[in-house]
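I opened the structure to look up a few side-chain contacts and charged pairs. My entries follow in the order I made them.

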Amino acid sequence: MGTEFSAKSAFLIVLGILLNLAFKTEAGSIVIYWGQDGREGTLTSTCASRKYGVVNIAFLSIFGNGQKPQINLAGHCDPSSNGCQKVSNDIRNCQNQGVKVMLSIGGGTSGYTLTSDAEARGVAEYLWNNFLGGRSNSRPLGDAILDGIDFDIEGGELHYVALATRLSELSRGGRKVYLTAAPQCPFPDDWLDGALATGLFDYVYIQFYNNRPCEYNTNNPKKFKDSWNQWTSSVPAQKFFVGLPASQQAAGSGYVGANILKSQVLPFVKGSSKYGGVMLWNKYHDDRNGYSSQIRDSV
């Protein structure tokens, strides 16, 4: 009986260790948007801070409607003279530290639209050849292979199902290509509802800012909680993130103080098995406010 007890005890101890490791693996991460302010530091320094699990390079802001796709990294580099190819080393530095680096397409400009499914598939092939596992002589960010594509779509026509589907097809059998999206919190999203319904997206960063009907409000948290529950129960994605401005200056509304996030918001959203972490807009404002440093141990 003593031997049996010891065996069971050993089994329970090992099981406890494995469960503990599994719990730690499921801890949330912080996603940051980088690229829209030259004062935010390099991509390498962003990842070296050890604050972020995913960095979205923002943005490929011109595509579709017969236009040649173009990236815009604000004050960081000039893509028209191939000046952004130097970012390739930064991308690899980040990936070597375990940070996923994505290209975010879209943004809050009017420079993009997709006029047809055929054009959407063409844009997908451009993204594959110029930023992912394909080949091109004119890769804007150099020869580094990004981890995937983030859809920050805030306008244009509705052909993103075709774009996401073609990206998924191109990546089959090879290196994993992550697809992520940053929809507005009102459900369903005006532009990405169909694409998100495909089940092809890994992470969804719900923008709970500049959208008062579903932002977090300490006086009326129900509207935020209802929105979170609707997103996580309706969209077939792996993980969902609470999207927030990193400072009051980063958005018109929706800023949540770090203490309130830690004491009120995170305990609620962590109740979902699909909780992934927190997305912040953006690196420059995070630097100024120190937001990620205040919340990182709680995410």
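Predicted model: local features only at pLDDT ≥ 70, side-chain atom pairs only at ≥ 80, totals over all residues.

Entry 1. Leaving out residues up to four places away in sequence, Q207 touches D152, E154, A182, P183, Q184, C185, G243 and M279. One of these neighbours, Q184, has its side chain joined to that of Q207 by a polar contact of 3.4 Å. I placed Q207 in strand β7, residues 203-207. Its relative accessible area is 5%, so I noted Q207 as buried.

Entry 2. I checked the annotation. An unreviewed UniProt entry lists "domain: GH18" for residues 28-299. Over that range I read 31% helix and 22% strand, with the end C-alpha atoms 5 Å apart.

Entry 3. I turned to helix α5, which has twelve residues, 160-171. From first C-alpha to last, α5 reaches 17 Å, close to the expected 16 Å. I found Y160, A162, L163, A164, L167, S168 and S171 to be its buried residues. Which elements cover them? I noted, among them, strands β2, β4, β5 and β6 and helices α4 and α6. Just after α5, G173 takes a positive phi of about 85 degrees.

Entry 4. I searched the whole structure for salt bridges and got eight. I then looked at some of them one by one.

R92 and D143 meet through their side chains at 2.8 Å, N to O. R92 lies in helix α3 and D143 in the loop between α4 and β5, so this pair ties together parts 51 residues apart in sequence. R92 is partly exposed at 30% relative accessibility, whereas D143 is exposed at 55%.

D147 and R175 also form a salt bridge, at 3.5 Å, N to O. This pair links distant parts of the chain, 28 residues apart: D147 is in the loop between α4 and β5, and R175 in the loop between α5 and β6. Is D147 buried or exposed? I have D147 as buried, at 11% relative accessibility. R175 has a relative accessible area of 44% and is partly exposed.

K283 and D287 form a salt bridge with the closest N and O atoms 2.8 Å apart. Both are in helix α9, residues 283-289; because they are four residues apart, about one helical turn separates them. K283 is buried, with a relative accessible area of 6%, while D287 is partly exposed at 27%.

Methods
Residues numbered from 1 in each chain as written. Heavy atoms only, no water. UniProt positions renumbered as here; feature names shortened; annotations may be inferred. Helix = DSSP H or I, 4+ residues; strand = E, 2+ residues; numbered from the N terminus. Buried < 20%, exposed > 50% of the residue type's maximum accessible area, 1.4 Å probe, protein only. Polar contact = N/O pair within 3.5 Å; in protein donor to acceptor, adjacent residues only side chain to side chain. Contact = heavy atoms within 4.5 Å. Expected span 1.5 Å × (residues − 1). Salt bridge = Lys/Arg side-chain N within 4 Å of Asp/Glu carboxyl O.
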